[in-house]
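Here is a walk through a two-chain model, from folds to contacts. Keep the structure open as you read.

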Amino acid sequence: MTSSTLALPEKRATWWQYPIVERYTPIVTVVLALVAVWYIAAVLMNLSLVRDGFEREETPYTVSDLFEGTMSAERPLLPAPHQVIEAFVDSVFGYAPSAPRSLVFHSAVTLSATLLGFVLGALLGIGLALLIVHSRVLEKSLLPWVICSQMVPILALAPIFIVVLGAMGMQGLLPKSIISAYLCFFPVTIGMVKGFTSPDPIQLDLMRTWSASPRQVLSKLRWPAAIPYLFASLKVAVTISLIGAIVAELPTGGEAGIGARLLAGSYYGQTIQIWAALLAAAVLASGLIGLVDLIERGVARQMGVRP
Amino acid sequence: MNARKRRLGFILAVMGLLAALVLPLSSEDVAGLTTRPILSVLIVAAALLFAMAAWTQGILMVFPGFTGAFCGAVATLTLLRDPGVAGSAAAGFWAVTLAVWLGAALCVVELASIRPRNALSRRALDLAIPVLFGAVVFYLWEVLVRGFGVSPVIMPAPSAAAARFVASLPTLGGDFVQTFLRGVLIGYAIGCGAGLLVAIVAQRFAFLGRGLLPLGNFFSALPLVGVAPIMVMWFGFDWPSKAAVVALVTFFPMLVNALAGLSASGHMERDLMRSYGADYSQALNKLYLPAALPFIFNALKINATLALIGAIVAEFFGTPTQGIGFRISTEAGRMALDMVWAEIALAAIAGMAFYGLVALAERVTTFWHPSYRT
């Protein structure tokens, strides 16, 4: 008898047992259910609006007229998903990227503020964490305030920053980025303090026995140990930075940007425009997180992490 | 920091204080320090205390050091009430300020290097250091703003914001009720409760859980506060729209964390429940929910901040004529920044108290968790 005859007959996996199917079926099902709920809600919420419209014009209507009306109302309470996607595609591809009606233009404005704020905030956060890790005084005196400020609704400061920086003659990109940076440096600081202090005492002792200088301990032990913490907090920070940029566009009465688009939509009752802007924000957020994730994988590979 | 550097620092501070006695206080023509007897006594006392601190150490240094800094601070704050000094302060004034800052900073450094043996004084020290540090920062903010005469449009002095806070307590109270008690608390309860319920259902039916978890992660990373204008459109200007935004913003973090918490119990414990013949509701009450408590409280703490932010941002899109966010945006538009800072102080106090209450509840209910055992 050879070993091959002993082996169990190979069981062919049926199609629903493939890992990819097993993994994505629940997600797709839930998404489809959500879309269905959305359509039903759109019909129910827009129904009275559409009926009022028909009755005001005193035109006779049937049930199917009503249904069609709810799916294509111009200013619906809740636009149907296809309307949102239509508006999104139309305002992304329908205009030149520099036109003020183009979502690409508004997204670019918000994105540039987000990225600048994110970079500033991340650098500030890492620098502060370095100071706190290396100085007992700062750890004792500054860190409690940093933690306290986490509990404060910092976003409420946004209008002041805009007003103050505007009074100092700063306009455009920088005030928004400063709000973004101000919002997103906290998670980076907290995460990096945790990361820099994550090496075991035993490893620090080993560095001592090699008589490593503080700088060498930092570059050879603390930094590599802090990298996972860095990326975890960067992922949080990048979304907060986007929120900061969007909210910062509100009090300026902003001329451009996703926040300005939201505000204008709410002033003029353009619901579809609001939803399209929200979709753009979602796309931006997931794109930014994906980018950070990609960089994390690249860095991990560079550092020799085996998947 | 070694003793010699510290002594040098204090000697510099003493020299600064003594120099202030002869240097001009203001670019305008005002009486010098030597013609103001009480202030001169304060300055000389501060100099003596600093000199005492220079040759002592430990707690013996901190007391004279801080008393000296306090004397100097009182002197500068009294000087600022002179309209000739405020806004046009000169070398003498800034010498005192610098000396106060230097002395206080050295004391904080010394305080941080004390390592007391017993737990009580260690805790007192952990509280005292940030408080003193904050006091120094607020003192510098106050003195710099008033000494340089910074326009209140750009940055009001903390005392101005505090005065405004006290003067407009009824307004602030109304805003607090509108934003916090109505918008935040109701929305928070709805959002967290719904998140927990959906998580329990999703844990019961694994298929739903596998579908909801990635979506929940995705949604909790989205800038959800952006739905604020839609909610205002649906639920009107008053607090229900704010509560709706808060509920939506707090739902997903709770869902994700509770889902992680409900599956945190180990196989051994589940098997134990099986061998006891526990039915699902018993297992949920005795095992799954208690094991999930640390995760649930984590979400509650995250949500405490998110909720306040959500409510304030939602108010930027329209409110009845009260609320923290409404007041901040209108007063910022009118350049009444002291009122804006008073509102921010209110939001900060409310936020910290809220967070503190949640943390307290966590301590009471999850006392068994390893992170609290000592």
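Helices here are DSSP runs of H or I with at least four residues, strands are runs of E with at least two, and both are numbered from the N terminus. Read that way along the sequence, chain A follows the pattern α-α-α-α-α-α-α-α-α-α-α-α-α. The count is 13 helices and zero strands. Keep in mind that this is a predicted model.

Chain A has 307 residues, and 38% of them are buried. Now take its contacts with a separation of 6 or more. Of these, 75% join residues 24 or more positions apart.

Next, the domains. In chain A, the assignment gives domain 1 (3–78) and domain 2 (103–302). Their C-alpha centres are separated by 36 Å. Chain B is also divided, into domain 1 (3–150) and domain 2 (166–372). In chain B the C-alpha centres of the two domains lie 43 Å apart.

Now zoom in on one helix pair in chain A. Two packed helices are described by the angle between their axes and the distance between the axes. For helix H2 (residues 19–57) and helix H3 (residues 63–71) of chain A, the angle is about 110 degrees and the axes are 8 Å apart. Angles of 65 to 115 degrees count as roughly perpendicular, so H2(A) and H3(A) are roughly perpendicular to each other. Which residues make the contact? H2(A) supplies Ala42(A), Val43(A), Asn46(A), Leu47(A), Val50(A) and Arg51(A). H3(A) answers with Leu66(A), Phe67(A), Gly69(A) and Thr70(A). By type, this contact of H2(A) with H3(A) holds six nonpolar, three polar and one charged residue.

Move to chain B and find helix H4 (residues 91–113). H4(B) has 23 residues and reaches 33 Å from its first C-alpha to its last. That is close to the 33 Å expected at 1.5 Å a residue. H4(B) is also mostly covered, with 17 of its 23 residues buried.

Finally, look at where the chains meet. Here 43 residues of chain A are in contact with 49 residues of chain B. On the side of chain A, at least two residues each come from H2, helix H6 (136–141), helix H7 (143–150), helix H8 (158–167), helix H11 (214–248), helix H12 (258–268) and helix H13 (271–302). Which helix gives the largest share? H13(A) does, with eight residues. The side of chain A that touches chain B divides into 33 nonpolar, eight polar and two charged residues.

How values were computed: Residues numbered from 1 in each chain as written. Chains lettered and ligands numbered in written order. Predicted model: local features only at pLDDT ≥ 70, side-chain atom pairs only at ≥ 80, totals over all residues. Axes fitted to C-alpha atoms, helices over the stretch in contact; angles between N-to-C directions. Parallel < 35°, antiparallel > 145°, perpendicular 65-115°, else oblique. Contact = placed C-beta atoms within 7 Å. Nonpolar A, V, L, I, M, F, W, Y, C, P; charged D, E, K, R; others polar. Expected span 1.5 Å × (residues − 1). Buried ≥ 20, exposed ≤ 12 C-beta atoms within 10 Å, placed from the backbone. Domains from an automatic or database assignment.
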